[in-house]
Amino acid sequence: MDNLPPMDLMRSEKMSFVQLIIPVESAHRAVSYLGELGLLQFRDLNADKSPFQRMFVNQVKRCAEMSRKLRFFKDQISKAGLLSSVRPVTQPDVELEELEAGSFLVSSGTHAVSERELDENVYSNDDYVDTASLLEQEMRPGISGQSGLRFISGIISKSKVLRFERMLFRAMRGNMLFNQAPADEEIMDPISSEMVEKTVFVVFFSGEQAKSKILKICEAFGASFYPVPEDITKQRQITREVSSRLDELEVTLDAGIRHRNKALASIGVHLVKWISMVRREKAVYDTLSMLNFDVTKKCLVGEGWCPIFAKAQLQAALQRATFDSNSQVGIIYHVMDAAESPPTYFRTNKFTNAFQEIVDAYGVARYQESNPSVYTVITFPFLFAVMFGDWGHGICLLLGALVLIARESKLGTQKLGSFMEMLYGGRYVLLLMSLFSIYCGLIYNEFFSVPYHIFGLSAYKCRDTTCSEAKTTGLVKYQDPYAFGVDPSWRGSRSELPFLNSLKMKMSILLGVAQMNMGIILSYFNARFFGSSLDIRYQFVPQIIFLNSLFGYLSLLIIIKWCTGSQADLYHVMIYMFLSPTEDLGENQLFWGQRPLQIILLLLAMIAVPWMLFPKPFILKRLHTERFQGRTYGILATSETDLEVEPDSARHYDEDFNFSEVFVHQMIHSIEFVLGAVSNTASYLRLWALSLAHSELSTVFYEKVLLLAWGYDNLVIRLVGLAMFAFATAFILLMMETLSAFLHALRLHWVEFQNKFYHGDGYKFRPFSFATLTEDED
């Protein structure tokens, strides 16, 4: 075993803890090059400081401000309906300081725009006296007085009219006249840029006090009011002036919009590049803020984790940073020892990454422990297919997986919704699930619940011509068994359900016991890798004995019964193996020597329980006592020697080793394994239950929907039945059943398989890398 070549996914990459001593003049370039490489995880040496107490806080603020400005430009481009260019720009790179100065926005000419505000004027009827005839003045007495009738006209949002009118009525106590009319066109709100409906209003009142109240209410409701003279001639003159001004404003706005769009288009060519540059700069300064600054030596000190294989690449990047920054002092790369556990790093590709994510969702592997994703690549889609076995449905899943894989280059660059993101990320998982579903479907001989004679003729035929159409009676076996999978004659027969029940239930137990044994065997390789002989002798050996003495023996009985065709009741055998181990088996005896073998296996299972429980805690206690015998005295504490940080001190181990805690932990682990052996084996029966449910549900849709509708001569009924069958197949069998089988396969791996050997209490290797930066980093 030691001579076998190492596997990338079997164990996590070996890590080293390094220290970097970087001169100040080359620090920025060094961190940038390390970000491009993406193989060093920096350790925050300023964790006790707030973000505002760090050294590069001002640079981080500058980058954040530039990100805000660029986001504003991006929003304006999207509002203007312009698409920012994503094509590579051949112009030279722009620095952060040049981008911050904003010189690219300064044009050669200046465009002065005069802005005028409309005065809030309230016109009375006084001017009308000068132009009205004497007869008209006599017909309208009192209009020249200050206490005469006056009015305010304006425009307000339609949604505020009712509240506006009610407020005016209450404030004026009914001493006013309010008239309104809807505006002809919708008007754009300058704040929200949305088209809103407006209403024109006129308020008639009398007195200066009433005027001030109305003006305040208009301001509170955001109403705009405009001067309207009573003279028809002046009204027409103002109308002409307003129309002329509107035309001028439209021309000005059009020119402004064209100029704005031209400026935004010129910005949009560079926007993606600028956003990426600012995001990278901010990430560099955030990383520099994690380093310590040595004032005396004018250098920055950083620490972090990196894979051992990346040592040469990191040193080359640091040397290049020193050369490019014209520094006279090189960057020191120093490997150190670390007390904490290293991070876990697996090198994955686009195929294995999804399976690794399935395992990491339960827990990240402890450093260098066995990685379950190596086996999950095959066992996960296979157990899914056991529950989803139908090669017709498998072909549908295969087509969907092939579409996602064929378009992965296009879909990988797009923003997808949560559901499509999940499907795209698991496209290779879906591919293997569909292939295994086709394989299991051929074994079950189900194509949308319909059997086919794919691998030859059935092994059964009618005894005589009277049963030519019958499937319940009269069938006899006349040739060798069906070549591959379930004989199609079982479908629709009286014994179909008992036969498939027995087959799938026993098959589920066999698969479950095999996978649980594999999990225990992996615990042996873990113990051997970490050099723990105690775990091999007092954990692996009793566990493998206990599991196979009971459920391994049950698996053996299932295989013998299949091979011999015996009618023995395995329930009776397993129950009375515990209740009456010495009783004669009678008709339930499958082979010679079965009863003494059962007694021996029962005794081994009973011995395995205390074997797991007692030896390991007492041996650990004895080893601890022998190691520190005669060293119970303490060491005098001085300013240079601290007992708590001495790794070989007696007090350190006295605090770490607690016999009662170790014994209780071992007792809980032993009880959990013993009870879990029973519950985990029973849990694998979900393979049988979901497979049977999927098959029967598919049969119901085929017989009670499609065939029932096809029995009518009416074309409409047939089309409706076909549509209902297609809908049920797509949304219930292909979506809901797929999700159900996926979740149950996930549970079998997380609980029943991984709990035998997998701790999952590590932490993931997260290097500083520009490739992992997203828009959230802004």
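How many residues does helix H2 have, and how far does helix H2 reach from its first C-alpha to its last? In this predicted model, helix H2 spans residues 57-79 and has 23 residues, and its reach of 33 Å between the first and last C-alpha is close to the 33 Å expected at 1.5 Å a residue. Along H2, the side of the account that concerns burial includes Val57, Val60, Cys63 and Met66, which are buried, together with Ser67, Leu70, Phe73 and Ile77, which are buried as well. Just after H2 comes Gly81, which takes a positive phi of about 80°.

Residues 426-444 are 95% helix and 0% strand, with their end C-alpha atoms 26 Å apart, while residues 715-736 are 100% helix and 0% strand, with end C-alpha atoms that lie 30 Å apart.

Which residues form the nonpolar patch on the surface? The patch is made of Phe419, Met420, Met422, Phe727, Phe731, Met735 and Met736, which together have about 740 Å² of accessible area. The elements that give two or more residues to this patch are helix H14, residues 418-425, and helix H24, residues 715-753. Of the contributing elements, H24 gives the most, with four residues, and Phe727, a member of the patch, is found in helix H24.

Key
Residues numbered from 1 in each chain as written. Predicted model: local features only at pLDDT ≥ 70, side-chain atom pairs only at ≥ 80, totals over all residues. Heavy atoms only, no water. Expected span 1.5 Å × (residues − 1). Buried < 20%, exposed > 50% of the residue type's maximum accessible area, 1.4 Å probe, protein only. Patch = residues over 30% accessible without salt bridge, like charges linked within 9 Å, V, L, I, M, F, W, Y side chains within 5 Å. Areas by Shrake-Rupley, 256 points an atom, 1.4 Å probe, with all protein chains shown as cover. Salt bridge = Lys/Arg side-chain N within 4 Å of Asp/Glu carboxyl O.
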